[in-house]
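The following exercises concern the contacts between and within protein chains. Each task is followed by a solution in steps.

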Amino acid sequence: MTSYLIRRFIQMVLVVLLATMAIYALLNLAPGGPLSGLNMTADRKSRYSEADKNRLEAYLGLDKPLALRYLAWLVGEDWIGADEMYLGLKPPDGMRFYAKPGIAYATPGYPVWIEGEQTGQTDEEGRVIIIAKKIWLRPSGEPPEGVVQGLIVKVYGHNLHVDVKGDPVDAWVETTKETAWEVPASVAPPRPEKGPWVNVSWLFGPYGLLGNYAHFHGEGHGVARFDWGKSWAVARGQPISMLIKSRLGNTMVLMSLATLFSLLIAIPVGIYSAVKQYSTLDYFVTTFTFFGTSMPIFWFGLMMILVFSIYFKKWGLPYLPAGGVTSVRPPRAGSLLALLHATPGSFVDRAVHLIMPTSALSLLYMAGWSRYMRSSMLEVLRLDYVRTARAKGLSERVVIVKHAMRNALIPLITIVVFQIPGIFGGATITETIFSWQGMGLLYFKALTADDWPVVMVLLYIQAILVVIATLTGDILYTLVDPRIRYD
Amino acid sequence: MSEKNVKEPQVERLDAEGLLTTKKESQFSVVWKRFRRHKLALAGLVIIIIFVLMAIFANAIAPYDPITDQDPYNRNADPSPEHIMGTDEVGRDVFSRLLFAARISLSVALVVVLFSETIGALVGGVSGYFGGWVDMAIQRFVEFLMTLPLLPLLLAFSSLLQGIYIPHIPKEWTSVILISAILIIFGWMGSSRLVRGVVLSLRDLDFTEAARALGMSDLRIIVRHMIPNAMAPIIVDATLGLGGVIVLESALSFLGFGIQPPVPTWGNMLQAAQSGLLGNPVKVIYPGLAIFLTSLAFNYIGDGLRDALDPRLKL
């Protein structure tokens with residue numbers, strides 16, 4: 001079992017790794033992209049110039065080759081361009097990398113002072129070439145005599161394109177290994193004491209193999225180190241972890257309630273209709289499952305809103321809120337909320353908002369699961385050991401509850417286990433219809449807004465959860481069913 | 001003793017007659033006889049035939065053009081003799097759009113199911129027939145695809161490929177082809193599983209051995225002997241799949257990631273109706289009901305076919 005678990009764990013990591021590659025390639029190789037819609041505006045004044053586009057590209061990290069971008073997304077970009085890499089295992093330095101102050105901290109858009117000799121030459125684009133002796137990144141205070149002040153436009157390997165303050169001509173600043181750097185400690189913290197050191201400068205350093213791309217512009221630690229990055233569009237500049245944190249609770253409440261309700265109803269109903277096959281209730285259940293599985297949830301949801309919110313209001317009945325997690329204003333007279341004296345944000349308020357999405361989802365799940373439960377039970381009831389149990393003279397109740405049901409419940413493991421990704425990932429359609437501020441709606445919004453980082457993170461979390469669910473299912477099967485064994 | 005000897009030939013002749021009369025019944029009529037017993041499946045079949053006829057003759061039935069006939073002074077109108085289901089948010093006749101949407105939704109479903117069942121049958125056939133590491137690799141891949149959450153993936157794919165340009169195709173039809181392709185890519189796994197199961201049970205039987213001994217190529221054996229034997233489960237799976245694809249396609253179109261307006265589908269009509277939910281709520285009913293009825297009908301037909309083709313079959 002241990003070796004099996006180890007093997008499965010390695011497989012899991014590989015599958016997740018493959019999934020991340022697929023996710024990244026899918027989102028980054030597809031036509032279009034976040035910058036494609038930039039110049040759609042008809043207003044000439046608000047159009048983006050080529051330089052603006054460059055800066056935006058650098059800011060979003062789109063100027064680097066795909067492989068490097070993927071690596072930066074996965075394991076972070078704080079160490080790319082670092083002369084030395086530190087792998088610590090103790091928090092808060094745990095899994096942090098250390099970069100020697102240098103070009104690695106040169107971020108487009110930030111101020112810079114340069115002390116160096118002007119060669120008097122200009123490059124093809126008319127920029128003044130400066131060989132730097134000392135560079136201050138993100139400086140503060142008064143500049144010393146004779147320094148050039150400016151803003152970093154773009155970083156090219158170990159060279160900088162600087163927009164010089166007050167000068168119409170830009171500067172092309174070349175740095176060498178002898179260049180001295182002054183970077184505030186808040187930007188480049190001192191090297192931690194402990195930990196083994198791995199020098200990756202030969203590859204990712206500014207003078208390394210990938211030197212021309214090796215500058216980094218951010219502090220991202222990468223999704224593999226639980227830094228989800230920042231949103232581009234849904235909540236511009238906000239950490240994705242915050243976005244997720246604000247929505248995960250809502251999704252988990254909705255999904256777990258719906259799952260719980262459906263299981264509580266689907267299991268007994270499925271078993272009962274299998275035991276009493278061809279009874280009236282069985283016909284009712286099979287019809288219900290047919291309707292439930294054919295019913296498009298988006299239409300069902302809309303019809304619920306139509307009846308319980310819109311028509312109930314017209315008819316003067318206590319109507320339900322059409323969507324949302326909580327109400328913003330005190331409820332209007334005549335609604336169910338007003339009837340229950342629910343103040344916005346209170347428990348009752350939340351519970352009432354939960355009614356429609358939960359019942360829509362539950363009906364959907366119930367239809368599928370009771371059918372599943374019924375066929376599983378029918379299969380078990382046909383087996384010889386059930387007949388043996390009956391022949392022994394056991395009461396029907398004991399036969400069904402103690403013998404048949406226990407085995408019929410085993411296939412249910414698959415369903416419950418694969419509900420795990422759903423509980424975190426939410427139900428996109430249901431949440432969209434009832435504007436339930438959960439993960440599903442976040443995913444939908446991120447897709448509509450071309451917010452790739454959010455989409456990628458949500459898919460990545462899903463991939464991990466699916467893999468975990470698969471493993472959990474397999475392990476649970478071995479625990480429940482002694483006939484299944486993994487070696 | 002002697003009496004018995006006389007009677008025997010008569011019995012034989014009677015049997016032969018009986019056998020002859022049963023032989024006349026084709027396999028189709030046997031299936032049809034059993035299918036007819038499933039009343040709900042029959043009702044489903046009637047509904048589907050009506051819908052298909054309406055879709056085919058949409059040109060003749062529809063009083064207006066679904067895209068170009070816009071009446072800007074008569075938007076979101078209530079049902080009237082001119083517009084029996086009213087008009088939509090730009091003044092197009094809802095009934096005409098519903099008919100043409102049936103054409104798109106049904107043909108997308110048909111194309112998707114045809115292709116994905118064919119691909120699934122071939123993959124499943126190869127996987128089951130060759131066995132060994134080929135089977136192993138294919139099955140792991142299929143399992144992986146089947147565990148993936150379908151809807152988020154479909155949404156991601158169609159959202160990312162929306163900007164794509166396909167040459168020689170009118171622009172508004174790009175999304176139709178795109179969505180069909182995406183649904184095919186993620187739709188073949190179920191049938192490959194079914195066919196693999198059948199092929200595994202047939203692979204080592206004598207007739208396969210005989211075909212091999214006669215020098216038939218592996219591919220030919222798979223296509224001529226294996227897949228035809230798996231036809232019953234494939235047909236049932238395809239029928240159920242038709243309903244599933246219609247719901248999936250409408251879900252995508254409803255969320256705005258499927259077939260794009262102005263091409264009408266039930267899904268994007270529902271989406272348009274949803275935005276006017278407060279003003280004109282009844283319009284939500286028609287396209288949704290069409291989706292629901294079609295899907296339900298296909299599900300019942302599938303159920304009936306399962307009973308008719310092979311009562312032991314379970315899906």
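A salt bridge is a side-chain nitrogen of Lys or Arg within 4 Å of a carboxyl oxygen of Asp or Glu. The model is predicted: local features need pLDDT of at least 70, side-chain atom pairs count only at pLDDT 80 or more, and totals for chains, interfaces and linings use all residues. Residues are numbered from 1 along each chain as its sequence is written, chains are lettered from A in the order in which they are written, and side-chain values use heavy atoms, with hydrogens and water left out.

**Exercise 1.** Characterise the salt bridge between K134(A) and E182(A).

*Solution.* Step 1: the N to O distance between the two side chains is 2.9 Å. Step 2: K134(A) belongs to strand β3 (residues 128–137) and E182(A) to strand β7 (residues 180–182), so the pair ties together parts 48 residues apart in sequence; strands are DSSP runs (E, at least two residues) and helices likewise (H or I, at least four), numbered from the N terminus. Step 3: K134(A) is partly exposed at 23% relative accessible area, and E182(A) is partly exposed at 38%. Here buried means under 20%, exposed over 50%, and partly exposed in between (1.4 Å probe, protein chains only).

**Exercise 2.** Determine whether R127(A) and D123(A), which form a salt bridge, are buried or exposed.

*Solution.* Step 1: the closest N and O atoms of R127(A) and D123(A) are 3.0 Å apart. Step 2: R127(A) is buried, at 9% relative accessibility. Step 3: D123(A) is also buried, with 14%.

**Exercise 3.** Describe the interface of chain A and chain B.

*Solution.* Step 1: 39 residues of chain A are in contact (heavy atoms within 4.5 Å) with 38 residues of chain B. Step 2: the buried area is about 3,300 Å², with 80% from carbon and sulfur atoms; this is the accessible area (1.4 Å probe) that two parts lose on being put together, summed over both. F290(A), F298(A) and W299(A) supply 19% of the area that chain A buries against chain B, more than any other three residues.

**Exercise 4.** Which residues of chain B are linked in a network of salt bridges?

*Solution.* The network links R140(B), E143(B) and R193(B).
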